[in-house]
Amino acid sequence: MKPLTQKTTRTVILGAGFGGLAAALHLARHADRHPQHEIVLIDRRNYHLLQGKLPEAAAGHVAPEEVMIPLAGLLQGRGIAFRQAQVLEVDFIGRAVHTDRGLITYDHLVIAVGSTTAFYNILGLKEHALTLKSIGDTVAIRATVERQFAVAAHELEPGPRRALLTFVIGGGGWSGVEIAAELAERAATLAAAYGLSPAEPRVVIVEAAPTLLPGSDPWLIDTVTRTLKAARVEVRCGLPVTEAQARRLLLADGSSVEGGLIIWTGGVRAREVGDANALLRGQANRIVVDPTLAVPSHPEVYVVGDAAWVIDPHTGAPTMPSAQLARQQGEHVARNILAALENRSREAYRPHLKGALISLGGRSGAAIVARLRVGGRAARWFKRLNDYRYLFFIGAVGWRFGLRARPNIRRTLGPTPASVVRR
Ligand SMILES: Cc1cc2nc3c(=O)[nH]c(=O)nc-3n(C[C@H](O)[C@H](O)[C@H](O)COP(=O)(O)OP(=O)(O)OC[C@H]3O[C@@H](n4cnc5c(N)ncnc54)[C@H](O)[C@@H]3O)c2cc1C
């Protein structure tokens with residue numbers, strides 16, 4: 001890897017997602033206190049992905065460019081050295097990160113590599129379902145939905161036509177309910193475009209737990225369930241998926257759902273960085289950390305976000321994977337690294353869940369902000385405001401308005417441009 005500057009200490013951050021970026025930006029904001037401290041951010045991608053907007057991109061309601069913030073522009077002039085590279089291995093004894101573009105040593109390390117989709121060894125699921133974790137996934141979902149409509153428009157047999165126009169989502173968590181609402185809205189638009197009855201397309205969401213959004217606030221569960229049903233989404237809870245076949249999900253009660261598209265959003269598992277056995281793991285492969293978010297066996301290594309197994313001291317339960325908490329944890333470890341540089345003691349992390357914001361298509365949502373509970377359009381606006389607040393926090397508002405000024409990038413309800421499908 002290209003030599004870095006000759007500064008005396010170096011923090012290397014693995015992953016420029018919500019947690020890693022927050023850590024890097026916080027360290028950079030206090031760089032004047034430590035001119036000899038170097039901040040290096042490594043990611044396999046050259047953009048910061050706004051994962052919360054993937055459902056909108058998958059339905060074709062926003063263009064892929066609107067969910068990918070180029071890191072080169074974002075980090076320019078901020079005192080953060082960005083390296084686009086795939087992390088292959090971490091040598092925790094030698095304090096070095098091995099990447100596909102060379103080796104880099106560290107004094108402090110932040111692991112913020114996020115998560116990947118968990119398939120729980122369900123037979124056929126990996127092979128027959130699409131996932132919703134990347135730009136590639138959104139392009140595949142969008143193209144498949146459009147193809148199903150184009151084919152169904154010429155299919156005269158009711159059975160195959162019904163299957164073509166059925167979109168099945170496995171997993172009723174946050175991303176599952178958001179993609180269900182987006183697809184229901186998109187299906188109505190495409191049905192009109194292809195001259196089909198609005199009653200023909202079906203969106204079915206299947207959840208193993210007794211309700212959608214398991215473990216969430218009861219008001220939120222109720223509001224989301226009612227909103228989805230009003231949008232003609234079929235909600236089936238208490239039904240674990242037992243097997244996936246081509247265009248079919250088999251359920252625990254012996255029934256099955258046939259669909260032209262199956263999307264699996266049923267769980268996540270922390271990503272590996274190198275030797276899976278090097279560090280102690282909690283559930284879902286998440287790395288066990290102490291209350292300061294450091295790895296007990298290597299106190300100079302911190303883990304944040306979806307990759308970390310963090311216990312909430314208020315509840316004694318593990319924290320949920322969320323962008324909100326990943327950001328908080330990123331900032332917290334940055335503060336602890338500054339404390340270590342200044343020979344101060346490190347502080348324990350306490351999660352602060354500031355609310356819940358769920359978008360349900362372009363015109364509805366469900367939000368709990370402070371003690372306020374809001375549904376419908378107002379909730380959707382809360383979510384939009386929150387998206388802007390985040391862009392402001394990372395210094396990307398200019399990027400957003402730059403996109404708006406370009407005529408080809410706006411809410412895109414037409415067929416997928418060929419350039420997008422080919423990517
Ligand atoms: C569809 C969807 C909707 C969601 N909606 C919400 C929401 O509304 N609210 C909310 O709070 N949360 C939401 N989440 C969850 C949230 O996005 C995650 O919890 C959050 O992104 C976790 O942040 P992170 O920093 O741990 O990981 P990420 O943001 O995933 O970042 C990890 C980074 O590490 C990089 N990386 C991984 N492996 C390597 C490697 N080997 N080498 C180099 N780089 C690597 C990746 O490229 C990525 O940039 C949603 C998630 C999804 C999928």
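**Note on the predicted model: strands, cores, domains and salt bridges**

1. Strand 1 (residues 9–14) and strand 2 pair in the parallel sense over 6 bridges, where strands are DSSP E runs of at least two residues and helices are H or I runs of at least four residues, both numbered from the N terminus, and where two strands count as paired if DSSP finds at least two bridges between them. Within this pairing, Thr9 stands opposite His37 in strand 2. This is a predicted model, in which local features need pLDDT of at least 70 and side-chain atom pairs count only at pLDDT 80 or more, while totals for chains, interfaces and linings use all residues. Residues are numbered from 1 along each chain as its sequence is written, and side-chain values use heavy atoms, with hydrogens and water left out.

2. Strand 2 (residues 37–43) has 7 of its 7 residues buried, so it is largely enclosed by the rest of the structure; buried here means under 20% relative accessible area, exposed means over 50%, and partly exposed lies in between, with a 1.4 Å probe and protein chains only.

3. An open sheet of 3 strands, with antiparallel pairing, has the order 6-7-8. Strand 6 (87–91) and strand 8 (102–105) stand at the edges with a single partner strand each, so one side of each is left without a neighbour in the sheet. From one strand to the next the twist averages 20°, with axes taken as lines fitted to C-alpha atoms (for helices over the stretch in contact) and angles running from 0 to 180 degrees between N-to-C directions. Strand 6 is joined to strand 7 (residues 96–99) by 4 bridges, the two running antiparallel, and Val90 stands opposite Val97 in strand 7.

4. The largest nonpolar core has 111 residues, and those with the most contacts inside it are Leu14, Leu109, Ile111 and Ile394; such a core is a set of buried Ala, Val, Leu, Ile, Met, Phe, Trp, Tyr and Cys residues joined through side-chain atoms within 4.5 Å. Helix 7 (residues 174–193) gives the most to this core, with 9 residues. Domain 1 (9–44 + 85–117 + 269–353) and domain 2 (125–266) both give residues to this core, so it lies between them; the domain bounds come from an automatic or database domain assignment. The C-alpha centres of domain 1 and domain 2 lie 35 Å apart.

5. Ile394 touches Leu21, Leu25, His48, Ile69, Leu74 and Arg78, not counting residues up to four places away in sequence, contact meaning heavy atoms within 4.5 Å.

6. The structure holds 18 salt bridges, each defined as a side-chain nitrogen of Lys or Arg within 4 Å of a carboxyl oxygen of Asp or Glu. In one of them the side chains of Arg400 and Glu66 meet at 3.0 Å, N to O. Arg400 lies in helix 11 (residues 397–405) and Glu66 in the loop between helix 2 (54–59) and strand 4 (68–70), so the pair ties together parts that are 334 residues apart in sequence. Arg400 is buried, with a relative accessible area of 9%, and Glu66 is buried at 5% relative accessibility.

7. Lys383 forms a salt bridge with Glu178, with the closest N and O atoms 3.4 Å apart. Lys383 lies in helix 10 (residues 376–394) and Glu178 in helix 7, so this pair ties together parts that are 205 residues apart in sequence. Both Lys383 and Glu178 are buried.

8. Arg226 and Asp222 also meet through their side chains in a salt bridge (3.2 Å, N to O). Being 4 residues apart in helix 8 (residues 218–230), Arg226 and Asp222 are separated by about one helical turn. Arg226 counts as partly exposed at 48% relative accessibility, as does Asp222 at 39%. Salt bridges that share partners join Lys53, Glu56, Arg380 and Asp387 into one network.

9. Two backbone values may be worth checking by eye. Tyr120, in the loop between strand 10 (115–117) and helix 4 (125–128), has a positive phi near 50° although this residue is other than glycine. Asn121, which is also placed in the loop between strand 10 and helix 4, has a positive phi of about 55° and is not a glycine. At 81% relative accessibility, Asn121 counts as exposed. For reference, most residues other than glycine have a negative phi.
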